[in-house]
Amino acid sequence: MNGFLNGLPPAVYRAKMQAATNILEQKHHVSRDSRGQILGHLRGFRGCTVWFTGLSGAGKTSISFELEAFLVGHGIPSYALDGDNVRGGLNKNLGFSKEDREENIRRVAEVAKLFADSGVVALCSFVSPFEKDRDLARKIHEESGLPFLEVFVDTPLDVCEKRDVKGLYKKAREGKIKGFTGIDQAYERPSKPDISVNTVGMGIKDSMMMVIDLLVQKGILPSELRAVDRVPELFTDKTQEQILNAVNESPALEITDLDLQWVQVLSEGWATPIKGFMREEQFLQVIHFNALVKDEFVTMPLVISLPVSTTDKERLEGATQICLHYKSKPIALLKDPEFYAHRKEERCARQWGTTSPKHPYIKMVLESGDWLVGGDLEVFDRIRWNDGLDSYRLTPNEIRKRIEDIQADAVFAFQLRNPIHNGHALLMQDTQKKLEENYGYKKPVLLLHPLGGWTKDDDVPLPTRIEQHLAVLEEGVLDPKRTILAIFPSPMMYAGPTEVQWHARSRLNAGANFYIVGRDPAGLPHPEIPSTDLYDATHGSRVLKMAPGLPGLEIIPFRVAAYDKTVKKMAFFDPKRKEEFEFISGTKMRGLARSGELPPDGFMAPKAWTVLSNYYKGLSSGLNTSNNNHINNAAR
């Protein structure tokens, strides 16, 4: 009978039960900090309870289930406890009397506390109409030192009735259900909820992100999960007169082409949350942990540093700020500078796994200054290279705006420093198809994002690559309406599995939520051992799939594509019929291009091949110059 326990009124039933008196709390040997180190993909204890309260049909369960999927998808353990589900199991012997409702909430609060204590984010969706019961749930958590957040899903009664997906309001109005909250039983609105969510005119995802914001504000979730439209940029808000005064009052430091590229990366927000060139504490975290570990865990595997000579260090030490100049033109202020030793061998050994001076980027490190200077950057203006490609150099915030304008519901990024052949295109096409069919996205968009900073001299230069990518889009190999072509301004370090984490991290800042990683990303031949790769071809994708500190980014490993001779086009490699496939190496491709020969039909879009062939023909005849000459045209 409704409201009775084992056939007895609740008060009588509880009176017959004898409370245990021989109970002694047992202390766990595992601390919460220890659980936080191994639970989920993100380090740190995040156990808490989020309590959703509101009328039936308000949207509590919809929001909590959406939040559960979001958190689990971002490597954060979470479990949603729903009123109907709990009453079908744990609390199946409880009815809907005031006493039973109180016992229902007490039990759920105790279960949620155990989830939270284990490090899980417990999400409780219960009407819980009485403030006294909700206060008890909060007290149960607070006595155990666990966060408890009350979310009031403030949906008006008439809206809940219109939704009435369970038909409960109709039955209550007809008198078939007694004591139904909102009809013949009162709902006590929370007096001080941690947040109120009004679902009228707001989608489930937007409502969920309000709760994410709350969890970020409370320090439970990392800031990357916050619903932000912009990443912080490092551009000044000073007037021209104030800039001029700062330039005149600050000692000058001339920086190189490479340094200027890193200024661009930092100023536009690609390296968020870094606010300038790394200080020594950040330097140590990066080379030892591949991450920033203070305050929150953030993947950051590469040192972004500013080398200086001993002469400059002695001249500038003690200055409160330094004005960085490029070709005698003021670029930025480096504020509160900190000088420290440039431990080149240690840096190279940890970042690249080798100290060989034959490695092209290591060579530049070894030839740079013996000191590093770190400090916050205040950049006077956006970096422009005046090479005809600046319109493609979109900042993270501009890419986010493009994503919003075309109403994309998912963004998958593809990092590349080489021309696109149809094998690459096949992977991108396949990714879009999977996002639509397996994930349910309506409009996934490709961020085609070639690297545009320094590369070694034998790589295809940026202008040629952009021309080739445009030809691929023109021929319809990739859908121009579903593609954002932009230049990633970072220099290339050729640091293999270490660097690929940087490439993924930066695209996360640009709004991507899926990232395609290829074979041997950021790799190159071993500088000391002929016919050997410096890094295992599979390690980049494997490391990235395991990498912590990349919340909100799902990694899509590269499927190997080769030329299928039976159908005369690029296809995913099938080892069972390997003799029917041909792998066209970069060396063979360059040889064909130089000689004017055509590749097999279906290997590359014809117009795109013409662009590449013309480049290599010009290289053979001496018409094409150094890969990096475009950076010498830099101006602001």
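Biologist: Where does Ala 522 lie?
Modeller: Ala 522 sits in the loop between strand 17 and helix 20 (539-546). Do keep in mind that this is a predicted model.

Biologist: Why does Ala 522 count as buried?
Modeller: The relative accessibility of Ala 522 is 4%, and buried means under 20%, so Ala 522 is called buried. Its phi is near 60°, a positive value in a residue other than glycine.

Biologist: And Ser 328, what makes that residue count as exposed or buried?
Modeller: Here the relative accessibility is 60%. The cut-off for exposed is over 50%, so Ser 328 counts as exposed. Ser 328 also has a positive phi, near 70°, and is a residue other than glycine. You will find Ser 328 in the loop between strand 11 (321-326) and strand 12 (329-341).

Biologist: Which side chain does a polar contact join to that of Asp 82?
Modeller: The partner is Thr 61, at 2.5 Å. A polar contact needs N or O atoms within 3.5 Å, and the 2.5 Å between Asp 82 and Thr 61 falls inside that limit. Leaving aside residues up to four places away in sequence, Asp 82 touches Thr 61, Phe 65, Ser 125 and Phe 126.

Biologist: What makes the peptide bond from Thr 272 to Pro 273 stand out?
Modeller: That bond is cis, with omega near 20°. Pro 273 is in the loop between helix 11 (257-268) and strand 7 (276-277).

Biologist: Last one: what volume does the second largest pocket have?
Modeller: About 1500 Å³. Of its 44 lining residues, Asn 418, His 424, Arg 519, Asp 520 and Gly 586 are the closest to the centre. Helix 21 gives the most to this lining, with four residues. By type, the lining divides into 25 nonpolar, 10 polar and nine charged residues.

Key
Residues numbered from 1 in each chain as written. Predicted model: local features only at pLDDT ≥ 70, side-chain atom pairs only at ≥ 80, totals over all residues. Heavy atoms only, no water. 1 Å grid on protein atoms, 1.4 Å probe; cavity = no way out; pocket = protein on both sides within 12 Å on 5 of 7 lines; lining within 4 Å. Points joined across faces, edges and corners; volume = space filled by probe spheres on them. Helix = DSSP H or I, 4+ residues; strand = E, 2+ residues; numbered from the N terminus. Nonpolar A, V, L, I, M, F, W, Y, C, P; charged D, E, K, R; others polar. Polar contact = N/O pair within 3.5 Å; in protein donor to acceptor, adjacent residues only side chain to side chain. Contact = heavy atoms within 4.5 Å. Buried < 20%, exposed > 50% of the residue type's maximum accessible area, 1.4 Å probe, protein only.
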